[in-house]
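Visitor: Please take me through one part of this model in close detail. Keep it brisk.

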Amino acid sequence: MIIEFVIPALLTIITASTPLVFAAIGEIVVEKSGVLNLGVEGMMIVGAVGAFAVTVKTGDPYIGVIAGAFSGLLLSFIFGFLTLYLYSNQVATGLALTIFGVGFSALLGHEFVGQTINSLPKLNPSFLSDIPGLGPLVFAQDFMVYLSVLMTILVTWFLMRSRWGLVLRAVGENHDAAHSIGFSVTLIRLLAVLFGGAMAGLGGAYLSLAHTPLWVENMSAGRGWIALALVVFASWRPWRAFFGAYLFGGITIIQLYAQGFGVDVPSQILSMLPYLVTIIVLVMISRDDFRIRISAPACLGKSFHPYG
Amino acid sequence: MKLSSILTSLAISAVSVLFLSAATISQADPLKVGFVYVGPIGDHGWSYEHNEGRLAVEKKFGGKVKTTYVEKVPEGADAQRVINKLASTGHNLIFTTSFGYMNPTLKVAKKHPKVHFEHATGFKRDKNVSTYSGRFYEGRHVAGLIAGKMTKSNVIGYVASFPIPEVIRGINAVSIAARSVNPEVKIKVVWVSTWFDPGKEADAAKTLIDQGADIIMQHTDSPAPVQVAEKRGVWALGQASDMTAFGPKAHLTAIIDNWAPYYISRTQAVLDGTWKSGDTWGGFKSGMVLMAPYNKAIPKEVVAMAEKARIGIIDGSVHAFTGPIKDQSGKIVIPAGKVASDGMLAGMNFYVQGVEGKIPQ
Amino acid sequence: MVFKLEPRAVSSRVMIYQSPIIAVFLTLLAGMVMFRLMGTDPLQALEAFFIEPISTMDGIAELLVKAAPLILIAIGLSIGFQANVWNIGAEGQLTIGALFGGSLALVFYELETPFLIPAMLLAGTFGGMVWAAIPALLKTRFNTNEILTSLMLTYVALLILSYLIHGPLRDPDGFNFPESRLFHNSALMPVLVEGTRLHIGILIALGVAIFAWLFIFKHMIGFQIRVVGLAPAAASFAGFKQKKLIWLALVISGGTAGLAGVIEVAGPIGQIVPVISPGYGFTAIIVAFLGRLHPIGVIFSGLLMALTYLGGDSAQITMNLPNAVTGVFQGMLLFFLLASDVLIRYRIKIR
């Protein structure tokens with residue numbers, strides 16, 4: 001029973017959650033530096049089309065992954081330039097970035113509709129993946145699943161343990177202080193924004209190369225928004241975001257399973273579950289209000305004017 | 001380009017704009033045909049197929065017609081504005097291709113009595129508003145026969161969008177046909193509450209395969225479920241267009257929406273001045289519904305059976321809803337020897353035997 | 001030649017009004033380059049975008065119909081944003097408002113009374129408030145971040161609409177299709193200009209804008225909201241009740257969103273349908289900031305935003321440009337508009 005149902009369900013959950021992990025982890029770094037980029041959906045969809053287009057042209061999904069990250073990065077540069085160098089409002093610019101990105105991806109992707117590619121291969125070291133049950137779950141994913149775990153570890157280490165992570169957090173907490181001791185607030189934030197763009201691009205690449213290896217317009221279907229919510233859910237902590245992505249992805253899949261098993265609840269009500277559970281879990285973990293308050297970057301969403 | 005020349009051209013533009021609007025009206029116009037799509041034409045599904053129909057019209061009539069389309073038109077307040085805009089910019093034949101455009105189309109049609117309107121999948125008509133739709137359940141019947149023969153696990157997985165009669169009719173048609181050749185068959189339905197979200201459609205297909213389905217059918221728009229079937233080594237039946245490319249091994253056949261013949265004939269009717277309001281519910285016979293090429297892996301006798309059914313539907317000897325048909329509770333809803341009326345089909349709101357679960361409402 | 005931004009000693013009052021004009025001018029230039037690159041006639045494309053949509057009475061009416069919900073929601077949101085309350089779930093509040101008000105029209109389906117519309121408007125506003133009260137309660141009671149709760153509740157609201165419209169609210173004579181009955185005349189917004197869809201919704205939006213202006217700039221609570229936004233520490237020092245302001249900010253923005261929702265179903269739509277809003281709740285966030293969180297500014301930015309949608313229609317119809325171009329162009333326009341505000345506080349120096 002366990003092996004028959006739980007393992008396949010977990011496999012589906014991993015695929016559904018991985019794009020959210022990338023985008024959310026990237027956005028955590030952005031927000032920790034004090035920048036609120038609501039354009040995740042736009043960067044994701046451009047990452048998806050960039051990854052797919054390059055994979056079609058080169059035939060190599062690994063080059064496609066890099067292209068996806070790069071596409072997301074390029075789009076985030078627009079955001080970074082406008083908000084950091086021209087001090088435009090971050091919330092509105094992020095939303096405009098999504099409008100722009102959805103249109104731009106449709107324009108770029110026009111000739112790729114209906115094309116097929118070799119999807120991102122699953123790593124398959126047979127001596128490990130033959131272990132019944134756990135084998136395929138732990139050892140036979142595509143490399144991006146492992147990358148998503150690795151990035152979570154790296155970002156956690158970076159933010160909490162590294163010197164530059166400390167600087168980045170300082171910039172997000174009090175940009176004037178960080179500036180006065182000689183750090184370039186704007187440059188650090190730009191790098192954070194570009195990293196977030198690349199990560200959202202990777203999330204998009206995962207959609208168009210692994211989750212559903214195809215290109216169709218609007219294929220990210222709102223996942224960027226979920227990733228944004230997960231950052232808040234995680235109170236800006238990478239591992240919590242990872243957990244949140246799996247919780248959200250997990251409930252989404254479980255409700256599909258429940259339907260298949262014939263649970264007698266209208267499907268629309270079941271479809272609400274991922275959203276409701278996320279809210280309820282957040283309510284439970286945020287009752288300790290001191291911890292939440294210290295984790296939200298104090299300068300989040302505020303422009304930094306170096307001249308005062 | 002220098003700044004000064006840009007400025008000059010801007011100044012010229014301001015002037016030319018004033019004349020432009022006057023100039024465009026006075027041409028000897030070809031027939032302008034407008035199309036309103038609910039999705040992007042890049043969805044590779046519903047809107048894509050309507051656009052293929054539009055392209056067929058352009059190809060057929062060449063310079064005699066000029067077609068226009070507006071894509072991604074939301075079904076709320078915007079629809080009426082877009083349809084009205086088409087009607088008031090000289091479009092004399094307008095196809096509105098989603099159910100949610102029904103009342104907006106009727107409202108605009110009242111304001112533009114000389115313009116011909118064609119609304120897909122609705123049930124309200126007017127002097128200048130026709131309705132049309134496909135009898136896709138005929139395709140589902142053929143698909144169901146093949147599925148019933150090909151399944152080993154006797155579970156057909158169905159990725160469904162919203163509980164509307166069109167979708168429920170398709171599910172029932174598959175159940176009836178599959179069970180007619182294999183009484184053990186069960187249909188498992190998973191509702192994804194969207195027409196279009198490749199990721200979610202794929203997840204639903206995986207779920208169904210995990211729960212024992214070895215045939216995946218869908219009433220959503222993206223080819224993602226077919227891809228999943230290919231990867232998992234089960235069969236799949238495509239929706240709206242030939243999806244063989246997305247699953248060369250898995251793709252048994254697909255039910256194709258083929259709007260071209262209808263769009264061409266209605267355009268011809270307007271050109272000839274013979275257009276009349278009416279209701280067209282076209283199936284195999286009129287070519288509005290087609291089957292994609294059968295997978296080579298389907299045994300010859302199964303193909304022969306499928307083809308026999310298809311031809312039978314065309315000549316009227318076969319109907320997808322032929323009694324006796326029982327609903328889930330075992331009550332006879334269509335008595336022996338009778339076929340379902342079009343009215344019953346149009347508003348179908350119950351599951352027949354063999355479908356698991358309840359309609360979510 | 002190097003461009004450098006140099007801060008102004010005082011913000012430029014002239015630029016407050018000039019910078020949007022500069023932005024539009026830059027967009028026109030960039031648009032010309034873009035359309036030229038795409039092989040279409042740039043002048044014709046720009047004409048299709050900005051002039052053709054409002055060259056008829058019908059076009060102007062449609063502009064106002066489209067702008068009304070955007071303005072309404074954006075006004076409510078801008079009050080919240082000033083108090084640093086991030087309600088990004090206006091789309092959900094709009095949906096619930098439409099359901100509350102619309103259900104009233106269906107319950108009193110055969111009632112012919114002039115009181116029905118006011119009652120529906122109140123019910124819709126109330127519905128939006130109720131939906132926004134959830135994030136307010138969770139925020140004040142459990143310290144739960146309203147960005148997440150309001151956004152997640154949007155999806156829940158859309159699913160509630162989907163459930164109701166595929167079941168209980170369905171038109172009994174509608175062959176089980178997902179739409180409600182058509183509202184009777186007494187449940188429809190009165191039309192202002194015969195032959196168009198222009199209804200009194202735009203007047204309501206303008207009225208709410210004036211009211212909001214009075215509230216923010218002439219009322220003590222409005223003052224408190226502004227102080228909280230600018231200097232939270234000072235606000236708590238002055239003894240302003242943070243919780244009360246959070247409630248107020250969310251309930252006001254939820255109320256205007258709900259009002260916008262019922263205005264849509266009782267106005268241009270005329271029934272409850274599965275898709276009520278094409279994302280007004282999200283677009284209104286941009287409108288709020290484009291209007292610099294000022295009620296009068298929001299009126300202009302709402303009109304401009306509405307124009308870009310109408311322009312998108314006519315670019316597709318007259319120029320055969322794909323919808324994607326609309327998105328790209330709209331994004332570009334927004335980028336320029338948002339960026340040009342820099343000129344209020346900075347001047348460009350060329351070295």
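Guide: A helix here is a DSSP run of H or I, at least four residues long, numbered from the N terminus. The model is predicted. C:A209 lies in such a run, helix α7 of chain C, residues 201–218. With a relative accessibility of 0%, C:A209 counts as buried, because buried means under 20%. Leaving aside residues up to four places away in sequence, C:A209 touches C:I75, C:P295 and C:I299. C:L333 sits 124 residues from C:A209 along the chain, and their C-alpha atoms are 24 Å apart.

Now to chain B, and strand β5, residues 129–134. Six of its six residues are buried. B:V129, B:T131 and B:S133 point one way from β5(B). B:S130, B:Y132 and B:G134 point the other way, and these are buried too. Strand β4 of chain B, residues 116–120, runs parallel to β5(B), with four bridges joining them. In that pairing, B:H119 stands opposite B:T131. Strand β11 of chain B, residues 279–282, also runs parallel to β5(B), again through four bridges. There B:S133 has B:W281 as its bridge partner.

Helix α9 of chain B covers residues 260–272. Its 13 residues, at 1.5 Å each, should span 18 Å, and the end C-alpha atoms are 18 Å apart, so the two values agree. The buried residues in α9(B) include B:A260, B:Y262, B:Y263 and B:I264. B:R266, B:T267, B:A269 and B:V270 are buried as well. Just after α9(B), B:G273 takes a positive phi of about 75°.

How values were computed. Residues are numbered from 1 along each chain as its sequence is written. Chains are lettered from A and ligands numbered from 1 in the order in which they are written. This is a predicted model: local features need pLDDT of at least 70, side-chain atom pairs count only at pLDDT 80 or more; totals for chains, interfaces and linings use all residues. Side-chain values use heavy atoms; hydrogens and water are left out. Buried means under 20% relative accessible area, exposed over 50%, partly exposed in between (1.4 Å probe, protein chains only). Helices (H or I, at least four residues) and strands (E, at least two) are DSSP runs, numbered from the N terminus. Two strands pair if DSSP finds at least two bridges between them. The expected span of a helix is 1.5 Å times one less than its number of residues. Contact means heavy atoms within 4.5 Å.
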